[in-house]
Amino acid sequence: QVQLVESGGGLVQAGGSLRLSCAASGSSFRTYVMAWYRQAPGKQRELVATMTGDSTTTYADSVKGRFTISGDNAKNTVYLQMNSLKPEDTAAYYCNAWRRSLGVTRNYWGQGTQVTVSS
């Protein structure tokens with residue numbers, strides 16, 4: 001089992017940057033596929049970025065070139081560096097850990113952190 005705690009959200013002007021953190025405890029994040037999702041009011045939760053244990057990353061087209069997912073093994077923490085922020089990036093951002101082992105799927109979520117981008 002893994003516990004996830006996000007931090008780093010806040011209010012920023014368009015064009016600015018924020019770095020979100022997802023501190024994992026109970027298990028190494030490297031044993032999971034880690035992901036960041038976001039959900040804006042009235043919209044479905046959408047996948048923003050993923051990172052596998054070997055640091056292979058994927059990004060939604062809407063954030064490619066602006067966001068970077070990374071991890072720090074020593075701190076057992078996953079980050080989402082967000083640059084060139086746009087008002088449409090405004091959402092609650094959630095950290096997710098997922099893995100499937102021996103036919104059992106494990107899926108964990110953090111509590112979320114709010115990002116608001118003003119125009």
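1. D89 and R66 form a salt bridge in this predicted model, with 2.7 Å between the closest N and O atoms; a salt bridge here is a side-chain nitrogen of Lys or Arg within 4 Å of a carboxyl oxygen of Asp or Glu. The pair links distant parts of the chain, since D89 lies in the loop between β8 and β9 and R66 in the loop between β6 (57-59) and β7, 23 residues apart. Strands are DSSP runs (E, at least two residues), numbered from the N terminus. Both D89 and R66 are buried, where buried means under 20% relative accessible area, exposed over 50% and partly exposed in between (1.4 Å probe, protein chains only).

2. This is a predicted model, in which local features need pLDDT of at least 70 and side-chain atom pairs count only at pLDDT 80 or more, whereas totals for chains, interfaces and linings use all residues. Residues are numbered from 1 along each chain as its sequence is written, and side-chain values use heavy atoms, with hydrogens and water left out.

3. D89 also forms a salt bridge with R38, the closest N and O atoms being 2.9 Å apart. Because D89 lies in the loop between β8 (77-82) and β9 while R38 belongs to strand β4 (residues 33-39), this pair ties together parts that are 51 residues apart in sequence. The relative accessible area of D89 is 1%, and that of R38 is 5%, so R38 too counts as buried.

4. R38 meets E46 in a further salt bridge (2.6 Å, N to O), and E46 is partly exposed, with a relative accessible area of 33%. The count of salt bridges comes to four, and those that share partners join R38, E46, R66 and D89 into one network.

5. The structure has one disulfide (a pair of cysteine sulfur atoms within 2.5 Å), which joins C22 to C95 with an S to S distance of 2.0 Å. C22 sits in strand β3 (residues 18-25) and C95 in strand β9 (residues 91-101), 73 residues apart. The link is left-handed, with -80 degrees about the S-S bond. C22 is buried at a relative accessible area of 1%, and C95 is buried at 0%.

6. Strand β3 also belongs to an open, antiparallel sheet of four strands in the order β1-β3-β8-β7, where two strands pair if DSSP finds at least two bridges between them. Its edge strands, β1 (3-7) and β7 (67-72), each pair on one side only. β1 and β3 pair in the antiparallel sense over five bridges, and E6 stands opposite C22 in β3.
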